[in-house]
Amino acid sequence: MGKILPRPVNASGPATRGGTSALRAGLTPLMSLLALALLLLVGAGPALAQGAEGVRGTLNNAGERVAGATIIVEQDGEEVATAESDEAGQFSIPLPGPGDYTVRLDLDTLPEGVTVREEGGEEREITVRPGAVAPALFILGEGDRETTGTAERAVQLFVRGLQFGLVIAMGAIGLSLIFGTTGLTNFAHGEFLTGGAIAAYFFNVTVGMNLIPATLCALVVGAVFGYLIDKGLWGPLRRRGTGLIAALVVSIGLSLVLRYLYLYFIGGSARSYAQYATQQPLSFGPVSIPPRDLVIMGLSVLVLTAVGLALIKTRLGKATRAVADNPSLAASSGIDVERVINVVWIVGTALAVLGGVFLALSQQVSYLLGFQILLLLFAGVTLGGLGTAFGALVGSLVIGIFTQMSTLVIPAELQNVGALVVLILILVVRPQGILGRAERVG
Amino acid sequence: MDFGVILTNSLTALLNAEALYLALAALGLNIHFGYTGLLNFGQVGFLTVAAYGLGVGVTYLDLPFFAAILLGLGLAVLLALLLGIPTLRLRADYLAIVTIASSEVLRLVARSAALRDVTGGSAGITGFADGFYSLNPLPAGRYGIGPVDYNESRMWLLLVGWSLVVLGSILVFMLMRSPWGRVLKAIREDEDAVRSLGKNVVGYKMQSLILGGLFGALAGFVFALANSSIQPDNYSTLLTFFAFTAMILGGAGRILGPVIGAIIFSSFFTFLENLLVQAVRAEYIPTSILDSNQVGIVRFILVGVLLMALMIFRPQGIFGDKKELALDAR
């Protein structure tokens, strides 16, 4: 009886009509979550001394660059920082201050058949002068080495995968909701993550704020950008009746423009934030994790829970799910579809900004940051079900854990291959994804 | 500001290797997107497997030149099958996602250290082009008209390549006027209608994917032979988008559209880059705005803007027919 409501995909309990009381009821858990988030942010903010010291180098295996290997910096026997070499085999690790350090290459993270040429060549003693970035050279070559502690590595990779999956989920949810409400496959979404990371870098390093208020400013910039891009580009295209394929190609063009604008503005080298980029890892049994990663995971869980609750409990959230399910039916029941789409773009972009900052904390700010994980975003969204927010979360977690743990058997630089294999398998076996509805998708 | 140099370079680029391999790639994309409505954003993947088939075949497997060419073509067919089987019965977006992802993964696999013995890793492969250039009948010297000239090796490559373009265009013309081509165009317009008439839609789409992929393979051969080397980082998604933009610019769904589009695309951007480099050198543009390293970036930004503008305002490009563009198909 009563009005036709779209079938609630992820709801529990009856859909109430009482606007304000339902809104307030939904708002209280949201408020407490927000408070918790703020507490986490503040509590996690021991301001690290900002310095320009660091160590950098290139991993070179007879001319072949080695990506995805872990470099650990120690001082007086204690771990100070870790980083991974990027696609060009380069690493650049900021250090808390000048002094003597030991830079160690984790041999287990090297590709098969590659190891250091000389005995003990995986460790380098360096002296970092004030304000200087010292080089560290590792001479690699062919060789065998014994792999140690696969079970320990598996646990460590699982935890890293969990964190990675949560960060991917931030981007994937926006992508999924945008697709669900407008039908647009937004190929520029990766660039929103990059943009967020760069905006936070700007506020953090160029303007000089601490990373936390810098991130909040970046969030505002992102929300404004999401609003503008919908009002200025996608809205007019929708009103014109531009087809979805044309809009898809436009989003590809947009991603090109954004990505190379980023390259133009920040150049090709990777940058780090002024705080939290280097931290001494904490150890929990076989798992070693820097405190910032714990904060990232905690914050991600909070934010994602908040978004999920908002989708279920608040009226706007229900309207969003309704529009994602069936826009014309939602419009006919009085929901302002354009407003919902606008909100989805704002929230989706803001989430992507946050995800970008989290990603850049472990992978450094670079113009390719978002593009490199675009495949993973799509894999996560498709796996979970294009159009559902909870599906995006589940799919992203699976993809994150799978890609990290696949490095147990395949070289680290090929971890994206695993995601592609998952993507193809899911499309063959269950194209609507884990949580998608079994509808004809072709 | 040496306008002579700018003009010469732009005219040289009109029919040079870049226009050539973009024309071949765009021909393939035209079959995919222009005639069948397939969203293949991984065309560069076909270039990659073909080029590596040629390179690996000659250097690692010690095959003669034509056998390696066959290997490259075979790999392109295999790639089309691998991409098509999971995605061709699904929506267009899924093919787009899978093709972009797979072309990136192919590049990563080609440059990976694990396969360095076979593919050369990030350094790539050289020393495979002799089999081709040894067939060159032209005597040494410069060939060309007016300010535009090429050496005998490049001239040989251009002769072979543009002949392939002409032959390919004739082939596409004949195919698209045949019943087979009509079914493809019908699939582009309304797949369900074609399915309800009893046609095997997935089979036709797969054939189209394979045919377009073979053109992409030819483009890969030309690209590899023009540089006499295969560098994995040159086979990035940017190439796909250049070919795509060239196709849309010339007019998708038309025979000569992609070819003309590729020629205009290549020479225009060569002109622009030369202009900017000269302007920066002559200090008409201050280095605070643009320095000589960033001139290449301008090309990429402009391609993105051009692609967006074309799709929004003139999706049929220069020669296209708006009625032929079923961009609402899903």
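A residue is called buried if 20 or more other C-beta atoms lie within 10 Å of its own, exposed if 12 or fewer do, and partly exposed in between, with C-beta atoms placed from the backbone. Helices (H or I, at least four residues) and strands (E, at least two) are DSSP runs, numbered from the N terminus. The model is predicted: local features need pLDDT of at least 70, side-chain atom pairs count only at pLDDT 80 or more, and totals for chains, interfaces and linings use all residues. Residues are numbered from 1 along each chain as its sequence is written, while chains are lettered from A and ligands numbered from 1 in the order in which they are written.

**Chain A as a whole.** Select chain A, which has 13 helices and 12 strands. Of its 442 residues, 50% are buried.

**Helix H3 of chain A.** Next, select residues 189-206 of chain A, which form helix H3(A). Is this helix mostly covered or mostly exposed? Of the 18 residues in H3(A), 15 are buried. The expected span of a helix is 1.5 Å times one less than its number of residues, so H3(A) should span 26 Å, and its end C-alpha atoms, 25 Å apart, agree with this. After H3(A) comes Gly208(A), with a positive phi near 105°.

**Strand E1 of chain A.** Now select residues 54-61 of chain A, strand E1(A). Two strands pair if DSSP finds at least two bridges between them. Strand E1(A) pairs with E5(A), residues 90-94, in the antiparallel sense over 5 bridges. With E9(A), residues 133-135, E1(A) runs parallel, joined by 3 bridges. Highlight Val55(A): opposite it in E5(A) stands Ile93(A), and its bridge partner in E9(A) is Ala134(A).

**Where the chains touch.** Show both chains. Two residues are in contact if their C-beta atoms, placed from the backbone, lie within 7 Å. Chain A and chain B each contribute 42 residues to the contact. On the side of chain B, helices H4 (65-87), H5 (92-111) and H14 (295-313) each supply at least two residues. Which helix gives the largest share of that side? It is H5(B), with 12 residues.

**Two packed helices in chain B.** Finally, select H3(B), residues 43-59, together with H4(B). Their axes, lines fitted to C-alpha atoms over the stretch in contact, are 7 Å apart. The angle between them, taken from 0 to 180 degrees between N-to-C directions, is about 150°. Among the residues making this contact are Gly45(B) and Leu54(B) of H3(B) and Phe65(B) and Leu79(B) of H4(B).
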